[in-house]
Amino acid sequence: MPEQSIGAMLAEARQKAGMTVAQLSEITRIREAIIYAIEREDYTQCEDDFYRRGHVKALAKAVGLDPEATVHQYDQEHGGGPPPIRAAAVFQADRKIRLRERRGPNWTLALGVALAIVVVFGVVRVMGGPDEVQTADTKPIPGQKVPPAPVSKPKVAKPKAPAGVLVLKVKAKRTSYLDIQDSEGRKLFSGMLQAGQTSTWRSTSAVNMLIGDASAVSLQVNGKNVGKLGDRGETVRRSFKPSAPHPG
């Protein structure tokens with residue numbers, strides 16, 4: 001007998017689970033029209049293969065099928081998965097991108113010179129230098145020691161994060177499925193992020209993310225926590241752009 005199609009498998013599993021399309025739509029946040037279409041093997045309402053595979057993954061998980069095996073069968077029925085690309089070409093994980101930065105004043109050298117002046121001034125006083133300091137407007141009192149003028153330490157400018165770079169840091173509290181594409185629709189990462197695992201990516205272009213279980217991961221964008229992404233078992237999509245360049 002021929003193997004069941006993806007749509008037929010999902011419809012049968014949903015019915016065995018005792019769920020209506022409306023209930024499945026509420027669980028997966030996928031519109032009812034799209035679910036009906038997928039069960040009839042009609043994927044025209046999905047924007048592209050990225051969202052088709054994400055919908056199939058979310059629906060299979062919700063009705064109790066093996067998400068990975070279901071997506072694999074979808075790839076087999078529809079010409080295989082997207083062609084692999086080298087992530088290093090557009091999206092390098094845990095690797096710093098060298099950018100041309102404007103160098104500020106050498107505060108270390110300035111601080112060293114200031115400290116040297118203070119040391120020399122102190123040695124002169126200890127060795128019996130003059131105790132009286134006279135300015136143009138005031139005269140010292142005989143026998144009064146004038147303390148040295150305080151030396152202010154220069155403020156060291158805090159380094160700024162590189163402009164035009166998107167830094168994503170994902171930590172899995174529980175094992176969750178991730179699917180990441182760049183702004184041109186090329187797949188950069190697709191698979192399971194294991195519980196306790198942390199991954200960091202840097203990119204100079206916008207990034208689209210699909211998260212299979214929104215409450216299973218925490219996300220930082222350019223060092224800032226994004227906050228709650230969704231409820232347990234909820235499939236969410238997020239898009240992020242690199243920070244704007246600093247004015248020159």
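These are my notebook entries on a predicted model of one protein chain.

**Entry 1. Overall picture**

I began with the whole chain. The protein has 248 residues, and 31% of them count as buried. I found seven helices and nine strands in its secondary structure. I then looked at contacts between residues at least 6 apart in sequence: 64% of these join residues at least 24 apart. The exposed surface comes to about 16300 Å², with carbon and sulfur atoms supplying 55% of it.

**Entry 2. Confidence**

I checked pLDDT before going into detail. The mean is 75, and 64% of the residues reach 70 or more.

I looked up Ala60 in helix H4, which spans residues 49-62. Ala60 has a relative accessible area of 0%, so it is buried. I listed its contacts, leaving aside neighbours within four places in sequence: Leu10, Leu65, Asp66, Pro67 and Thr70.

Next I turned to helix H5, residues 67-77. Its buried residues are Pro67, Thr70, Val71, Gln73, Tyr74 and Asp75. Which helices do the buried residues of H5 pack against? They pack against helix H1 (6-16) and H4. At the start of H5, a side-chain oxygen of Asp66 comes within 3.1 Å of the backbone nitrogen of Glu68.

**Entry 3. Aromatic pairs**

I searched for aromatic pairs and the structure holds two. In one, the ring centres of Tyr43 and Tyr74 are 5.4 Å apart. Their planes stand at 65°, over the 60 degree cut-off, so I logged the pair as edge-to-face. Tyr43 is in the loop between H3 and H4 and Tyr74 is in helix H5, so I noted a link between distant parts of the chain, 31 residues apart.

Phe50 is buried at 5% relative accessible area. Tyr51 is at 19%, and since the cut-off for buried is under 20%, it counts as buried.

**Entry 4. Salt bridges**

How many salt bridges does a search of the whole structure find? It finds 11. I followed several of them.

Glu12 bridges to Lys16, with the closest N and O atoms 3.2 Å apart. Both residues lie in helix H1, four residues apart, about one turn of the helix. Glu12 is partly exposed at 30%, while Lys16 is exposed at 68%.

Glu234 and Arg29 meet through their side chains at 3.2 Å, N to O. This pair links distant parts of the chain, 205 residues apart: Glu234 is in the loop between S8 and S9, and Arg29 is in the loop between H2 and H3. Glu234 is buried, at 12% relative accessible area. Its side chain also reaches the backbone nitrogen of Asp231 at 2.8 Å. Not counting residues up to four places away in sequence, Glu234 touches Arg29, Ile211, Gly212, Asp213 and Ala214.

Asp213 has a salt bridge to Arg174, 3.0 Å between the closest N and O atoms. Asp213 lies in the loop between S6 and S7, and Arg174 in the loop between S2 and S3, so the pair ties together parts 39 residues apart in sequence. Asp213 is buried at 6%, whereas Arg174 is partly exposed at 25%. I also found one network of salt bridges with shared partners, joining Arg53, Asp75, Asp179 and Lys187.

**Entry 5. Backbone angles**

Most residues other than glycine have a negative phi. Arg29 is not a glycine, yet its phi is positive, about 65°. Asn222 also has a positive phi, about 55°. Asn222 sits in the loop between strand S7 (217-221) and strand S8 (224-225). Is Asn222 buried or partly exposed? At 33% relative accessibility, Asn222 counts as partly exposed.

Definitions and conventions
Residues numbered from 1 in each chain as written. Predicted model: local features only at pLDDT ≥ 70, side-chain atom pairs only at ≥ 80, totals over all residues. Heavy atoms only, no water. Helix = DSSP H or I, 4+ residues; strand = E, 2+ residues; numbered from the N terminus. Buried < 20%, exposed > 50% of the residue type's maximum accessible area, 1.4 Å probe, protein only. Contact = heavy atoms within 4.5 Å. Areas by Shrake-Rupley, 256 points an atom, 1.4 Å probe, with all protein chains shown as cover. pLDDT = per-residue confidence, 0-100. Polar contact = N/O pair within 3.5 Å; in protein donor to acceptor, adjacent residues only side chain to side chain. Phe/Tyr/Trp six-rings, centres within 6.5 Å; stacked < 30°, edge-to-face > 60°. Salt bridge = Lys/Arg side-chain N within 4 Å of Asp/Glu carboxyl O.
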